[in-house]
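Please take a moment to look at the sequence and the structure shown here, and then follow the paragraphs below from one element to the next.

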Amino acid sequence: MKRTKPWKMGRTMQKQVGIGKQDFAALRESQCFYIDKTDFIRQWWNYRDDVTLITRPRRFGKTLNMSMLNCFFPNKYADRGDLFKGLDIWKDSGYRQIQGTYPVLYLSFASVKADNEYLLENEKLMESEKMAYRHILTEMAEMDDVTACDSLNYLCRYLEHSYGKKVIILLDEYDTPMQEANVYGYWEEMTSFLRNLFNATFKTNKYC
């Protein structure tokens, strides 16, 4: 009988460490090494808080945990229980029943930069793409702050009416706009806007 070399066995059986992976679904699908943090889902869900703020140092895994939540609750992942099989949360039949049953808004402020207009100078963009981007910038500039602040509240209302369930909002990199505002000198304007946005989106939003 042919004997398998040890190094070949190790290569076949060992999982790889996916350094820098922040997408939970991609990490699980690629069979990368994963420290099971799915009990966080149960703890967070049982707290029943209206708003949860998670502050941790950089590279702590906040975005990956957010991505994990975004794979567990949204109805678009209703048929993706395979992502959680073998993990702690999947041992509880009650949580298996709520997986993939909620409308979810997953937002990230990671790309909210003060100097995004540099894209218009990029030669790799086609002229049609630049025109579309200018249109977006124009629409954003013409939108008043009240409409912008209330927009997520309106969207939550529509989703709650459509699906008959409260909306879960996940916001990542919430502090990036503040950092940009501090560097580029529009701190007062940004703090005022975000205060109103967060109030309408989280504090007084009865649809989430």
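In this predicted model, helix H8, which spans residues 176-184, has Thr176, Pro177, Met178, Glu180 and Ala181 among its buried residues. An α-helix has 3.6 residues a turn, so residues three or four places apart point the same way. The buried residues of H8 pack against helix H9, which covers residues 187-203, and just after H8 comes Gly185, which takes a positive phi of about 80°.

How the two helices lie against each other can be described further. Two packed helices are described by the angle between their axes and the distance between the axes. For H8 and H9 the angle is about 160°, and their axes are 8 Å apart. Because that angle is over 145 degrees, H8 is roughly antiparallel to H9, and H8 passes H9 in a right-handed crossing. On the H8 side, the contact is made by Pro177, Met178, Ala181 and Asn182, while H9 contributes Trp187, Met190, Thr191 and Leu194. Sorted by class, this contact of H8 with H9 holds 6 nonpolar and 2 polar residues, with no charged residues.

In S2, 5 of the 5 residues are buried, so the strand is largely enclosed by the rest of the structure. In a regular strand the side chains alternate between the two faces of the sheet. Both faces of S2 are covered, with Ile168, Leu170 and Asp172 buried on one side and Ile169 and Leu171 buried on the other. S2 also pairs with strand S1, residues 104-108, in the parallel sense over 5 bridges, and in this pairing Tyr106 stands opposite Leu170 of S2.

How values were computed
Residues numbered from 1 in each chain as written. Predicted model: local features only at pLDDT ≥ 70, side-chain atom pairs only at ≥ 80, totals over all residues. Heavy atoms only, no water. Buried < 20%, exposed > 50% of the residue type's maximum accessible area, 1.4 Å probe, protein only. Helix = DSSP H or I, 4+ residues; strand = E, 2+ residues; numbered from the N terminus. Contact = heavy atoms within 4.5 Å. Pairing = 2+ DSSP bridges. Axes fitted to C-alpha atoms, helices over the stretch in contact; angles between N-to-C directions. Parallel < 35°, antiparallel > 145°, perpendicular 65-115°, else oblique. Left-handed = near helix turned anticlockwise from the far one by under 90°. Nonpolar A, V, L, I, M, F, W, Y, C, P; charged D, E, K, R; others polar.
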